[in-house]
Amino acid sequence: MDAFKIIGGKPMQGEVTISGAKNAALPILMATLLSETPIHITNVPRLNDIETSIKLLSQLGATVTWTDENSLLIDASKVDQHKASYELVKTMRASILVLGPLLARFGHAEVSLPGGCAIGARPVNLHIHGLKLMGADIEVENGYIVARNNGRLQGANIFMDTVSVTGTENLMMAAALAEGVTVIENAAREPEIVDLANCLNAMGAKVSGAGTDTLSIEGVAQLNGSEYSVMPDRIETGTFLVAAAVTQGKVKCLNTDPTALDAVLSKLQEAGAEITTGENWIELAMNSRPKAVNIRTAPHPAFPTDMQAQFVTLNVIAEGTATTTETIFENRFMHVPELQRMGADITLEGNTAITTGVDSLNGAQVMATDLRASASLVIAGLVATTETQVDRIYHIDRGYQHIEDKLQALGANITRIKAS
Ligand SMILES: CC(=O)N[C@H]1[C@@H](OP(=O)(O)OP(=O)(O)OC[C@H]2O[C@@H](n3ccc(=O)[nH]c3=O)[C@H](O)[C@@H]2O)O[C@H](CO)[C@@H](O)[C@@H]1O
Ligand SMILES: C=C(OP(=O)(O)O)C(=O)O
């Protein structure tokens with residue numbers, strides 16, 4: 001397994017181009033299953049999760065071709081398989097996003113239950129409940145969700161007990177081809193939901209209300225190909241901004257969208273950063289030690305759970321004491337014991353991490369346990385005074401395109417140690 005070796009202590013300086021958003025690209029790739037004709041998707045990030053999605057779409061019978069470094073042409077006209085196997089689902093939970101599209105277009109889908117993961121139990125009951133309300137017959141057989149429907153799904157009124165991002169996406173995609181109108185209440189409002197809705201509408205769907213908590217989808221009989229560009233990755237953007245803040249550097253993120261990062265930018269300003277934005281860029285300058293900031297994660301537009309780990313790293317070297325409360329996932333503090341091994345002062349009380357900033361971190365061999373925990377450890381390595389080795393970075397390769405190249409370009413001393 002590959003690892004990163006990092007020698008910290010340098011401020012991050014310069015410009016970095018942000019890639020397309022993993023969490024928008026994944027549902028958009030799965031949405032191509034709804035289309036009778038090819039779709040060209042641009043600004044696709046080069047990530048392991050994208051490779052897994054391509055494998056999955058290909059297994060289902062789609063033809064997937066890279067037309068340039070970041071563009072995919074997907075032809076799902078000949079899809080004739082309807083099963084997402086455990087082998088793929090266990091490496092990428094977002095595989096669950098084929099459930100809605102396959103069922104809506106073919107009346108049949110079998111998707112392995114994803115099971116829990118490093119950050120929590122992550123059930124998919126809301127996906128199943130919504131599809132049942134649309135008329136599907138769904139059983140769990142041998143660890144698989146087996147969904148069937150005769151003819152088209154039927155529009156339904158769906159209230160989601162908990163705000164779920166992929167749950168909303170699965171139901172939105174299924175509803176796009178259903179007969180009649182589907183209303184999803186308490187829908188997720190994440191920018192990636194809006195991006196998926198825009199892509200579906202470009203394919204001929206009739207989705208309105210994306211970005212609010214009530215979505216209305218008037219089903220159409222057929223969807224067709226188009227060209228669509230994936231939104232910039234707001235979490236990758238936030239990760240680079242935190243790296244700049246903790247190293248007291250100055251970084252300009254290009255090809256990004258400041259409007260998708262309100263909560264994160266506001267916390268960085270509270271920490272003492274100077275933030276300047278343009279239509280598609282954000283620049284952060286940090287001229288002093290960051291101040292500790294209290295964080296509470298919650299569904300968009302509140303502070304994103306996918307930025308929590310990175311802000312714990314900021315808080316552990318910041319001036320003062322702060323609380324970071326995680327309300328979305330029950331086990332998303334796996335970075336805490338690793339940061340403690342680097343000298344961080346953190347106490348965990350239930351779903352809250354209480355941090356008191358230390359003057360510096362020392363390098364250590366640490367282990368990445370999930371995607372954003374890995375990012376937080378890399379950032380910690382960038383400030384540590386001695387060498388840090390971050391093991392198991394296959395997690396980070398799921399979600400960050402060429403992260404070491406981008407950090408090197410900003411002045412970081414980071415190298416990938418290839419598994420022998
Ligand atoms: C590929 C993708 O976009 N992943 C993102 C997505 O994950 P994902 O869509 O899996 O996360 P959800 O929004 O569904 O999860 C939110 C909460 O709802 C619960 N829940 C969810 C579904 C369900 O059927 N039942 C249920 O109880 C979950 O356990 C969790 O506590 O949103 C998360 C929350 O912003 C992000 O951290 C992930 O990066
Ligand atoms: C938790 C994440 O992703 P996934 O839902 O794919 O596990 C993430 O992007 O931080």
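Student: Why is Cys-117 called partly exposed, rather than buried or exposed?

Tutor: In this predicted model, Cys-117 has 14 other C-beta atoms within 10 Å. A residue is buried at 20 or more such atoms and exposed at 12 or fewer, so Cys-117, with its 14, falls in between and counts as partly exposed.

Student: What makes Cys-117 a residue to look at, and where is Cys-117 found?

Tutor: An unreviewed UniProt entry lists Cys-117 under "active site", and Cys-117 is found in the loop between strand E7 (108–112) and helix H5 (125–133). Leaving out residues up to four places away in sequence, Cys-117 touches Arg-93 and Arg-122.

Student: Which residues does UniProt list for "binding site"?

Tutor: The unreviewed entry lists Arg-93, Asp-306 and Ile-328 under that heading.

Student: Which residues are around ligand 2, and of what kinds are they?

Tutor: Around ligand 2 are Asn-23, Arg-93, Ala-94, Asp-306, Leu-371, Arg-372 and Gly-399, and this shell divides into two nonpolar, two polar and three charged residues. Among them, Arg-93 and Asp-306 are also listed by UniProt under "binding site".

Student: How many residues surround ligand 1, and which elements contribute to its shell?

Tutor: There are 20 residues around ligand 1, the closest being Asn-23, Leu-126, Ser-164, Val-165 and Thr-166. Helix H1 (22–31), helix H5 (125–133) and helix H6 (165–176) each give two or more residues to this shell, which divides into nine nonpolar, nine polar and two charged residues.

Student: Why is helix H4 described as largely enclosed by the rest of the structure?

Tutor: Seven of the eight residues of helix H4 (residues 99–106) are buried, so the helix is largely enclosed. The buried residues are Leu-99, Gly-100, Pro-101, Leu-102, Leu-103, Ala-104 and Arg-105, and what covers them includes H1, E7, H5, strand E9 (144–148) and H6.

Student: How do you know that the radius of gyration of the protein agrees with a compact globule?

Tutor: For 420 residues, a compact globule would have a radius of gyration near 22 Å, and because the protein has 21 Å, the value agrees. Buried residues make up 53% of the 420 residues.

Student: How do you know what confidence the predictor places in this model?

Tutor: The protein averages a pLDDT of 97, and 100% of the residues score at least 70, while the model scores ipTM 0.99 and pTM 0.98.

Terms used. Residues are numbered from 1 along each chain as its sequence is written. Chains are lettered from A and ligands numbered from 1 in the order in which they are written. This is a predicted model: local features need pLDDT of at least 70, side-chain atom pairs count only at pLDDT 80 or more; totals for chains, interfaces and linings use all residues. UniProt positions are given in the numbering used here, feature names are shortened, and annotations may be inferred rather than shown by experiment. A residue is near a molecule or strand if its C-beta atom, placed from the backbone, lies within 6 Å of it. Ala, Val, Leu, Ile, Met, Phe, Trp, Tyr, Cys and Pro count as nonpolar, Asp, Glu, Lys and Arg as charged, and the others, Gly among them, as polar. The radius of gyration is taken over C-alpha atoms; the globule rule is 2.2 Å times the number of residues to the power 0.38. pLDDT is the predictor's confidence in each residue, from 0 to 100. Helices (H or I, at least four residues) and strands (E, at least two) are DSSP runs, numbered from the N terminus. Two residues are in contact if their C-beta atoms, placed from the backbone, lie within 7 Å.
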